[in-house]
Amino acid sequence: QVQLEESGGGLVQAGGSLRLSCAASRSIFSIAAMGWYRQAPGKERELVATLTSAGSTTYGDSVKGRFTISRDDAKNTVYLQMNSLKPEDTAVYYCKCRYLLLDYWGQGTQVTVFS
């Protein structure tokens, strides 16, 4: 089992930056993939970025070139650096991992971008 705790959300003006953190309760060496998803009011949850244990990354089309996913294995933490934020990036951001064929989610952190 894996517990995930997100942090770093908040209120930011358009064009600004935020860095989200996702701390895992176990070593992320053993976790096949970790990622960030988001859900805006009235919309379905969508992929933001994923990072595999082999270092492969995937980004949603709307965030390519602006967001970067990374990991610090020593801290069991995955980060999402978000630059050039837009009002349409406003959502609850969730961390997810796949461990032993099961998916685990964090509780989410709110990101609000105002113009």
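Strands are DSSP runs of E of at least two residues, and helices are runs of H or I of at least four; both are numbered from the N terminus.

**Figure 1. Overall fold of the predicted model.** The structure shown is a predicted model. The protein contains eleven strands and zero helices, so that, read from the N terminus, its elements run β-β-β-β-β-β-β-β-β-β-β. The C-alpha trace spans about 40 × 25 × 25 Å along the principal axes. A compact globule of 115 residues would have a radius of gyration near 13 Å, and the 13 Å of the protein therefore agrees with that expectation. Of the contacts with a separation of 6 or more, 53% join residues 24 or more positions apart.

**Figure 2. Surface and charge of the protein.** Buried residues account for 43% of the 115 residues. There are 12 positive and 10 negative side chains. The centres of these two sets lie 2 Å apart.

**Figure 3. The largest nonpolar core.** This core comprises 31 residues. Leu-4, Met-34, Trp-36, Leu-80, Met-82 and Tyr-93 have the most contacts inside it. Two or more core residues come from each of β3, β4 (33-39), β5 (46-52), β7 (67-72), β8 (77-82), β9 (91-99) and β11 (109-114). Strand β9 makes the greatest contribution, with five residues.

**Figure 4. Surroundings of Leu-4.** Leu-4 is one of the residues with the most contacts inside the largest nonpolar core. With neighbours within four places in sequence left aside, its contacts include Cys-22, Ala-23, Ala-24 and Met-34. Leu-4 is also in contact with Cys-95, Lys-96 and Cys-97, and with Tyr-104, Trp-105, Gly-106 and Gln-107. Ser-27 may be viewed together with Leu-4: the C-alpha atoms of the two residues, 23 residues apart along the chain, are separated by 11 Å. Ser-27 is located in the loop between β3 and β4. Its relative accessibility is 32%, and Ser-27 is therefore classed as partly exposed.

**Figure 5. Two positions in strand β3, Ser-21 and Arg-19.** Ser-21 is found in strand β3, which covers residues 18-24. Because its relative accessibility of 16% is under the 20% limit, Ser-21 counts as buried. Beyond its neighbours within four places in sequence, Ser-21 is in contact with Glu-5, Glu-6 and Ser-7, with Trp-36, and with Thr-77, Val-78 and Tyr-79. Arg-19 lies in strand β3 as well, but its relative accessibility of 46% makes this residue partly exposed. On the same exclusion of neighbours within four places, Arg-19 is in contact with Ser-7, Gly-8, Tyr-79, Leu-80 and Gln-81. Arg-19 and Ile-69 are 50 residues apart along the chain, and their C-alpha atoms are separated by 9.7 Å.

**Figure 6. Positive phi at Ser-84 and Leu-100.** Most residues other than glycine have a negative phi. Ser-84 has a positive phi, near 50°, and is situated in the loop between β8 and β9. With a relative accessibility of 42%, Ser-84 counts as partly exposed. The phi of Leu-100 is likewise positive and near 50°. Leu-100 is placed in the loop between β9 and β10 (102-105). Its relative accessible area is 65%, over the 50% limit, and Leu-100 is therefore exposed.

**Figure 7. Gly-106, a buried loop residue.** Gly-106 lies in the loop between β10 and β11. Because its relative accessible area is 11%, Gly-106 is classed as buried. With residues up to four places away in sequence not counted, Gly-106 touches Leu-4, Glu-6, Tyr-94 and Cys-95. Its contact partner Leu-4 is among the residues with the most contacts inside the largest nonpolar core. Lys-64 is 42 residues from Gly-106 in sequence, and the C-alpha atoms of these two residues are 23 Å apart in space.

Notes:
Residues are numbered from 1 along each chain as its sequence is written. This is a predicted model: local features need pLDDT of at least 70, side-chain atom pairs count only at pLDDT 80 or more; totals for chains, interfaces and linings use all residues. Side-chain values use heavy atoms; hydrogens and water are left out. The radius of gyration is taken over C-alpha atoms; the globule rule is 2.2 Å times the number of residues to the power 0.38. Buried means under 20% relative accessible area, exposed over 50%, partly exposed in between (1.4 Å probe, protein chains only). Contact means heavy atoms within 4.5 Å. Accessible areas come from the Shrake-Rupley method with a 1.4 Å probe; for residues, only the protein chains shown count as cover. Lys and Arg count as positive and Asp and Glu as negative; His and the chain ends are not counted. The place of a charge is taken as NZ of Lys, CZ of Arg, CG of Asp or CD of Glu. A nonpolar core is a set of buried Ala, Val, Leu, Ile, Met, Phe, Trp, Tyr and Cys residues joined through side-chain atoms within 4.5 Å.
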